[in-house]
Amino acid sequence: MKLGKILRWILGVFVFGGVLAVIILKPLPFLFYHNLPRLGFLGRAIYIFILASFMCIYRIGKGPTGADRIVALDILGIMIVGLCAILTISTGRSWYIDIGIAWVLQSFISTLALAKYLEGKGFDE
Amino acid sequence: MNDLIGFILISIGLVFDLLGCVGLVRLPDAYNRLQAATKCVTMGTCSILFGTLLVIGFTAAGMKVILCMIFLILTSPVASHAIARGSHKSGVKLWEGSVCDAYAEDNK
């Protein structure tokens, strides 16, 4: 029990440190827009979003109760709005933020419906 | 100068998003996870959107960013409250180290 916990800590620190080292050393290359300023910063930002999204997906898969899964799904939707804002800066195309607005409202409605389902009553209260 | 302040705000928001997701993985209970994840919305994503507004300026896309922030601030606490109420009513257990449960005492 004790040894397993220590091994899990060491594995987690290795994975987390490895991903952070990749973020610091190699920014994600953008294929189409090479001449924008501060592209290295935005590439690293998208790496951080990928890492956080994998943490949310881990919680969706493992979570012991349904409430954990709904919380993780809500946060995954909110982070996609932030990703849309980053893509608006990095590509210079303003329709990405339209996707963000639509995603906020859709995520709100789906979260309310899932919470109502979790409560266990009828939908027509 | 506006650019620099915007990128600093985006960095703060990214750090808050990452720490909120670490809390989502590490904390022991559904309610604790909800409490860690709500910080990720209000300070993380709203800070990223405000930094985006400062970087791209008050154009048409900037107005859309302000609209997105207003929607986010209005809808996110309602959704968190609905999740917490629904999970408490459906009988999700609290962590065994929790001190008190005020909602159950009120309903008694």
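What percentage of the 125 residues in chain A is made up of buried residues? Buried residues account for 29% of chain A, where a residue is buried if 20 or more other C-beta atoms lie within 10 Å of its own, exposed if 12 or fewer, and partly exposed in between, with C-beta atoms placed from the backbone. This is a predicted model, in which local features need pLDDT of at least 70 and side-chain atom pairs count only at pLDDT 80 or more, while totals for chains, interfaces and linings use all residues. Residues are numbered from 1 along each chain as its sequence is written, and chains are lettered from A and ligands numbered from 1 in the order in which they are written.

**Chain A as a whole**

Select chain A and colour it by secondary structure. Four helices and zero strands are found there, in the order α-α-α-α along the sequence. Helices (H or I, at least four residues) and strands (E, at least two) are DSSP runs, numbered from the N terminus. Of the contacts in chain A with a separation of 6 or more, 43% join residues 24 or more positions apart; two residues are in contact if their C-beta atoms, placed from the backbone, lie within 7 Å.

**Helix α3 of chain A**

Next, select residues 66-91 of chain A, which form helix α3. From first C-alpha to last, the 26 residues of α3(A) reach 37 Å, close to the 38 Å expected at 1.5 Å a residue; the expected span is 1.5 Å times one less than the number of residues. α3(A) is mostly covered, with 20 of its 26 residues buried.

Select A:T91, which belongs to this helix. A:T91 counts as partly exposed because 15 other C-beta atoms lie within 10 Å. Its C-alpha is 24 Å from that of A:L105, 14 residues away in sequence. After α3(A) comes A:G92, with a positive phi near 75 degrees.

**The side of chain B that touches chain A**

Now display both chains. Here 41 residues of chain B are in contact with 40 residues of chain A. The elements giving two or more residues to this side of chain B are α1 (2-26), α2 (30-56) and α3 (60-89) of chain B. α3(B) gives the most, with 15 residues.

**A last stop in chain B**

Finally, select B:L9 in helix α1 of chain B. B:L9 is buried because 20 other C-beta atoms lie within 10 Å. Leaving out residues up to four places away in sequence, B:L9 touches B:S47, B:F50, B:G51 and B:L54.
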